[in-house]
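Let's take a walk through this structure together.

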Amino acid sequence: VWLEDTWTFDFRQLRWRKVDTAGGPHARYKMSLVWYHDAAYFFGGDDGGHLSSRTHIWGSHLSDLWKLEARDWIQLFPSGDHPAPRQGHSATIIGDSMFLIGGLLATEQTTLDSRFLYEVMDVWEYRFSENRWLRREFSQGGVFPIARRAHSAVAVGEDIYVFGGFCKRCDHKDLGDFWRFSTRTNAWKEISPLAKAHPSPRGAHASASDPAKGLVYVFGGAQCSRGCTCMDDLWVYSISENSWEELRNDDGPQRPINRHLHSMVFSDEALYVFGGESYSPYKYFNDVWRYNLTRSHKTRLSGTVETTPSQSSSHAITDSRPAASNVALGKGSGGLSFATLAGLAAIGLYAVAYACMRYRAGRTHFQRRARNTSS
């Protein structure tokens, strides 16, 4: 089932709220979503080409751009050239621009044979004030990453850090390389960390950054060269030290089940992970987990069937924290919230009632508790 609903999650109240919106993009998955000046911007994706879609074409990748402000969707029509339809790309915000990188593209032949799907490695800048796309041409003679999809990209300062992804036409389908793109010079640089420890190759993982400290986080993902195996490891890269470190749960037995196609944001010294999909067990998720970076523990946050999104993977998520006080897509959550647009979901296959897991001061494990989720 493909979904087209919109939700916000308040970090303070630990509560989901569904946002009733007017109009908007049709159901899809593997799109991108960013937050800029009190609005969410939504690009591309894939509607799967199923009979319930509006196109009925396998690999029907999309290139429409939408703005969600308060409760109203507005389709934008930028001037000039624009990115080709795609899914599995990344989108980040630097200054007053959105930067789109890579993804999976379809051709007219894709309707007959999915082997004609192919990845790209390009960088597009969308300038909000001009409503215009601009393709960033790479520095002449410079190196750049191979084409990919399902990678991650996060912004730190004027640079974008890209990790991993999948590549259909590569000898090794799972990628584990790490790159930095300078938005000032259009130059790519492959990063070679000093320490031997680093995340294994993967795609469909989630990343977030702490720009103030120069840290990049990577959680989960899958290796799909021979079947697919999902992971549940959490890594942090320090820009100043040029090294990776695996973060562990201080003797805590609770952690998110291995997964991919989930999402993650950073807020107030914590990482928040939502949803995703696993292969063993085969399951979709709509759980929310918090990893407290100051105490190195994970906490499962709760909701009820009536107040949580459906289990989903390949959804899009954005942190509205940088905006002003009335930020939760019109919900007024004091600047601490994130918004999701659900993608592919399995509805009714699994129970979605929760118990909440809470850290008890002075101990490094979790305690189950009941939680009141009434309005």
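In this predicted model, the largest nonpolar core has 15 residues, and Y217, L247, M264, L271 and L293 are the ones touching the most other members. Strands β15 (206–210), β16 (215–223), β17 (229–238), β19 (263–267), β20 (270–279) and β21 (282–292) each give two or more residues to this core. The largest share, 3 residues, comes from β16. Take a look at M264: leaving out residues up to four places away in sequence, M264 touches A206, S207, A208, Y217, V218, F219, L271, Y272, V273 and I317. There's also a second, separate core of 14 residues, with Y36, A39, Y41 and F128 among them.

Now hop over to G165, which sits in strand β12 (residues 159–166). G165 is buried, with a relative accessible area of 0%. Beyond its neighbours within four places in sequence, G165 is in contact with residues including R149, H151, K173, L175 and H205.

On to the cysteines, where there are 2 disulfides. One joins C167 to C170, with an S to S distance of 1.9 Å. Both ends are buried: C167 at 5% relative accessible area and C170 at 17%. The other links C224 and C228, whose sulfur atoms are 2.0 Å apart. Here C224 is partly exposed at 23%, and so is C228 at 28%.

C230 is buried, at 10% relative accessibility.

How values were computed
Residues numbered from 1 in each chain as written. Predicted model: local features only at pLDDT ≥ 70, side-chain atom pairs only at ≥ 80, totals over all residues. Heavy atoms only, no water. Core = buried A, V, L, I, M, F, W, Y, C linked by side-chain atoms within 4.5 Å. Buried < 20%, exposed > 50% of the residue type's maximum accessible area, 1.4 Å probe, protein only. Helix = DSSP H or I, 4+ residues; strand = E, 2+ residues; numbered from the N terminus. Contact = heavy atoms within 4.5 Å. Disulfide = S-S within 2.5 Å.
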